[in-house]
Amino acid sequence: MEAIVVAHPTNAIDAEKNKLAVGKIVIQSQKKNRIQVSNTKKPLFFYLNLAKKYIKQYNDVELSALGMAIPTVVTIAEVLKSNGLAIEKSVATSTVGAKDDAKGRLVQKAKIEIVLEKIEKNEKKTPATAEPKDVDQE
């Protein structure tokens, strides 16, 4: 989902942060290579295949999740790394305020953002078992 920006002389556009400030409201468009993972909307393999596609298309992908969806993001990152498709560029954790629907109060939720970068062919690591053995061993 991308924000559509209509130019207006009174609006300030910060191209570096991809934000449009309209009075006191700030609209932020989503990065093209960002996946916001939910543990209730789509299955793990949907996000995994999407992450593979983004890595091929953009050479990196940013995985983001809140609360109970964090293990899904970690699993996706680990699968991509173990299959030799990506390496970890950065990992950031934080907390964000979210409104609890049941109680109507503000609660803190854990947030994780993992940025993965495509591994080039010559960067791929060979498994330890594939390393040449010393021929003098008997």
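Along the sequence, the order of elements is β-β-β-β-α-β-α-β-β. That gives 2 helices and 7 strands. Helices (H or I, at least four residues) and strands (E, at least two) are DSSP runs, numbered from the N terminus.

A word on the source. This is a predicted model, where local features need pLDDT of at least 70 and side-chain atom pairs count only at pLDDT 80 or more, while totals for chains, interfaces and linings use all residues. Residues are numbered from 1 along each chain as its sequence is written, and side-chain values use heavy atoms, with hydrogens and water left out.

Two overall numbers. The protein has 138 residues, and 25% of them are buried. Buried means under 20% relative accessible area, exposed means over 50%, and partly exposed is in between, with a 1.4 Å probe and protein chains only. Now contacts, meaning heavy atoms within 4.5 Å. Take those between residues at least 6 apart in sequence: 59% join residues at least 24 apart.

Let's go to strand 5, residues 60-66. Is strand 5 largely enclosed or open? It is largely enclosed by the rest of the structure, because 6 of its 7 residues are buried.

What pairs with strand 5? Strands pair here if DSSP finds at least two bridges between them. Strand 4, residues 34-37, pairs with strand 5 in the parallel sense, over 4 bridges. Look at Arg34: its bridge partner in strand 5 is Glu62. To get from strand 4 to strand 5, the chain passes through helix 1, residues 44-58, and this β-α-β crossover is right-handed. Right-handed means this: with the strands pointing away from the viewer, the path from the first strand over the helix to the second runs clockwise.

Strand 7 is another partner. Strand 7 covers residues 106-118, runs antiparallel to strand 5, and is joined to it by 7 bridges. One place to look is Asp60, which stands opposite Glu117 in strand 7.

Next, the core. A nonpolar core is a set of buried Ala, Val, Leu, Ile, Met, Phe, Trp, Tyr and Cys residues joined through side-chain atoms within 4.5 Å. The largest one has 20 residues. Which of them touch the most other members? Ile35, Leu63, Ile76, Leu80 and Leu116 do. Strand 4, helix 1, strand 5, helix 2 (70-82) and strand 7 each give two or more residues to this core. As background, nonpolar side chains in soluble globular proteins tend to be buried together.

Stay with Leu63. Leave aside neighbours within four places in sequence. Leu63 then contacts Ile35, Ala51, Val73, Ile76, Ala77, Ile112, Glu113, Ile114 and Leu116.

On to the aromatics. How many aromatic pairs does a search of the whole structure find? It finds 2. Rings of Phe, Tyr and Trp (its six-membered ring) pair if their centres lie within 6.5 Å; planes under 30 degrees apart count as stacked, over 60 as edge-to-face, and the rest as tilted.

Phe46 and Tyr47 make an edge-to-face pair, at 5.4 Å centre to centre with 80 degrees between the planes. Phe46 is partly exposed at 38% relative accessible area. Tyr47 is buried, at 4%.

The other pair is Tyr54 and Tyr58, also edge-to-face, at 5.6 Å centre to centre and 85 degrees between the planes. Both tyrosines lie in helix 1, 4 residues apart, about one turn of the helix. Tyr54 is buried, with a relative accessible area of 16%. Tyr58 is partly exposed, at 32%.

Back to Phe46 for a moment. The charged end of Lys42 sits over the ring of Phe46, 5.0 Å from its centre. The rule there: NZ of Lys or CZ of Arg within 6 Å of the ring centre and within 35 degrees of the ring normal.

Another lysine, Lys56, is in helix 1. Lys56 is exposed, with a relative accessible area of 63%.

Asn59 counts as partly exposed, at 39% relative accessibility.

Last stop, Val107 in strand 7. Val107 is partly exposed, with a relative accessible area of 24%. Not counting residues up to four places away in sequence, Val107 touches Val96, Gly97, Ala98 and Asp100. The C-alpha atoms of Val107 and Thr95 are separated by 9.6 Å, and the two residues are 12 apart along the chain.
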